[in-house]
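Thanks for coming. I have one chain to go through, so please look at the screen.

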Amino acid sequence: DAFNISGGRGYTTVIKRLVQSGSFAVGLLILSTQFDLLLEYGRYVQPGESDEIDLRLLNAIVEVANDIVFEAGVLSLWRIYRASLTGSADGRPPNYKP
């Protein structure tokens, strides 16, 4: 169902599940980044404490933003392409042989 667009279903379910899974993945990425910072410094850190911490936080923010943008683009294109393969009436990719 996550990829099936046959029978006039359209891309609504595909996009809805893409947003849901993307939101969950972003949440896990942010949580793991916070855990990484906690392990690195041994405490909760905030911007403005020192130049070293500010640089590390800025580095973490850039890494998270790059990961989110790149993964969202690649996975969105893959899911939409995969869904487009099921456009036939039976909902199976072309040349499908069970």
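Trp 78 is partly exposed, at a relative accessible area of 47%. Tyr 81 falls in that class too, with 46% relative accessibility. Partly exposed lies between buried, under 20% relative accessible area, and exposed, over 50%, using a 1.4 Å probe and protein chains only.

This is a predicted model: local features need pLDDT of at least 70, side-chain atom pairs count only at pLDDT 80 or more, and totals for chains, interfaces and linings use all residues. Residues are numbered from 1 along each chain as its sequence is written, and side-chain values use heavy atoms, without hydrogens and water.

Back to the two rings. Searching the whole structure gives one aromatic pair. Trp 78 and Tyr 81 make up this pair, which is tilted, with 5.9 Å from centre to centre and 45° between the planes. Rings of Phe, Tyr and Trp (its six-membered ring) pair if their centres lie within 6.5 Å; planes under 30 degrees apart are stacked, over 60 edge-to-face, and the rest tilted. Both Trp 78 and Tyr 81 sit in helix H2, residues 51-84, three residues apart, or about one turn of the helix.

Now the whole chain. It has two helices and zero strands, counted as DSSP runs (H or I, at least four residues, for helices; E, at least two, for strands) numbered from the N terminus. Its C-alpha atoms fill a box of roughly 60 × 25 × 15 Å along the principal axes. Of the 98 residues, 18% are buried. Among contacts with a separation of 6 or more, 49% join residues 24 or more positions apart, where contact means heavy atoms within 4.5 Å.
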